[in-house]
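Please look through the model shown here, and then work through the questions and answers that follow.

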Amino acid sequence: MDHSGHGMNMDLPPFTLGRGLEFSADPFFLIGCVVALVLYAYGVLRLRGRGDGWPVNRIIFFVLGVLSIALVMCTGLNDYGMVMFSVHMVQHMVISMVSPILLLLGAPITLALRALPVAGRDRTGPRELLLKLLHSRYMKIITHPAFTIPLFIASLYALYFTPLFDFLMESKTGHIAMMVHFLAVGLVFFWPIMGVDPGPHRPGYVMRMLELFAGMPFHAFFGIALMMASQPMVKAYENPPASLGIDALSDQSVAGGIAWAFSEIPSVLVLIALVFQWYRSEQRTAKRSDRAADRDGDQELKAYNAYLASLQARGQ
């Protein structure tokens, strides 16, 4: 279906799950998803070609992350999202909170650093450029919680409660730019928290949990504000097409409920992942300590045996 022009001009039948999941690709996101999968597969095959392994669970997470983007941007959900606030909110929540978490669990930066060849002395290749970017001041700023948390919050309030949202919804390009923004905000917010890929900002586990929960109350308040409103708060959705058979205020209330629910579910998933990472980190630290203790014990035993041998030699 054509997304050009204002979304309110689209004449769609009443929404059903079947219609929402019909294939209806946005070319920009379809090409992006295919390119992401091809590049990731190339990296994995390159590693395996030289005899190195790559965890299967990371492949699964990354593929699911790409498919989650395709689900909301290359199906009927994208068409209905132009005229139904509730469906748009599903798109927003998935692409800003579910997709980034899954993509980051796939460790794409680590894969790239391992798969890309070293350019050689005094030469700059893709791997060197990636390392330079990771260590740049720009990356230190955009992954710092003082930047990511306000950005995460502003992406809700400053977008939906100002004329900016209506302006972006006027065109296909604006809609794509908004969805790319949601994805980018999700990635920079969750990247330091997940801690799977290397990055300039790598806090401890307690700090990561605090960062995770710092933005979530604002997310919940945003959902509650939509649910409690007595009139439509976003002009782009205040006059839904009659063919949909929906009430704008009721649909807005559903959208608020979706936003509120999504502030909880991904947070719990990330928290579980963090606790698991923390446990594994403690296990590795304990093993290293045990090995160090064993080495120290062996050295003490050797020293003691040497001392006994010296006493015996002197006695003889």
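Q: In which helix does Thr-148 lie?
A: The structure is a predicted model, in which local features need pLDDT of at least 70 and side-chain atom pairs count only at pLDDT 80 or more, while totals for chains, interfaces and linings use all residues. Residues are numbered from 1 along each chain as its sequence is written, and side-chain values use heavy atoms, with hydrogens and water left out. Helices (H or I, at least four residues) and strands (E, at least two) are DSSP runs, numbered from the N terminus. By that numbering, the run of residues 145-160, which holds Thr-148, is helix H9.

Q: Is Thr-148 buried or exposed?
A: A residue is called buried under 20% relative accessible area, exposed over 50%, and partly exposed in between, using a 1.4 Å probe and protein chains only. Thr-148 has a relative accessible area of 2%. Because that value is under 20%, Thr-148 counts as buried.

Q: Which residues does Thr-148 touch, not counting residues up to four places away in sequence?
A: Contact here means heavy atoms within 4.5 Å. With residues up to four places away in sequence not counted, Thr-148 touches Ile-142, Thr-143, Val-188 and Phe-189.

Q: Which helix gives the most to the lining of the largest cavity?
A: On a 1 Å grid over the protein atoms alone, a cavity is a set of points where a 1.4 Å probe fits but cannot get out, whereas a pocket is an open set with protein on both sides within 12 Å along at least five of seven lines, and lining residues have an atom within 4 Å of a point. Searching the whole structure gives one cavity of 30 Å³ or more, and the elements that supply two or more residues to the lining of the largest cavity are H5, H9 and H11. Among the lining residues are His-92, Phe-152, Ser-155 and His-219. The helix that gives the most, with three residues, is H9.

Q: What is the volume of the largest pocket?
A: Grid points are joined across faces, edges and corners, and a volume is the space filled by probe spheres set on the points. The largest pocket is lined by 35 residues, of which Ala-36, Phe-62, Pro-108, Ile-109 and Leu-187 lie nearest its centre, and H2 supplies the largest share of the lining, 11 residues. The volume of this pocket is about 1000 Å³.

Q: How many nonpolar residues does the lining of the largest pocket have?
A: Ala, Val, Leu, Ile, Met, Phe, Trp, Tyr, Cys and Pro count as nonpolar, Asp, Glu, Lys and Arg as charged, and the others, Gly among them, as polar. Two polar and two charged residues belong to the lining of the largest pocket. The number of nonpolar residues in that lining is 31.

Q: Which helix supplies the largest share of the lining of the second largest pocket?
A: The second largest pocket holds about 540 Å³ of space. Its lining of 17 residues has Leu-105, Val-196, Phe-276, Gln-277 and Arg-280 nearest the centre, and H3, H5 and helix H14 (265-315) each supply at least two residues. The largest share, seven residues, comes from H14.

Q: How many disulfides does a search of the whole structure find?
A: A disulfide is a pair of cysteine sulfur atoms within 2.5 Å. Cys-33 is in no disulfide, as its nearest cysteine sulfur, that of Cys-74, is 5.3 Å away. Cys-33 is buried at 7% relative accessible area, and Cys-74 is buried at 4%. For the whole structure, the number of disulfides found is zero.

Q: Where is Ala-107 found?
A: Ala-107 is buried, with a relative accessible area of 0%. Its phi is near 50°, a positive value in a residue other than glycine. Ala-107 is located in the loop between H5 and H6.
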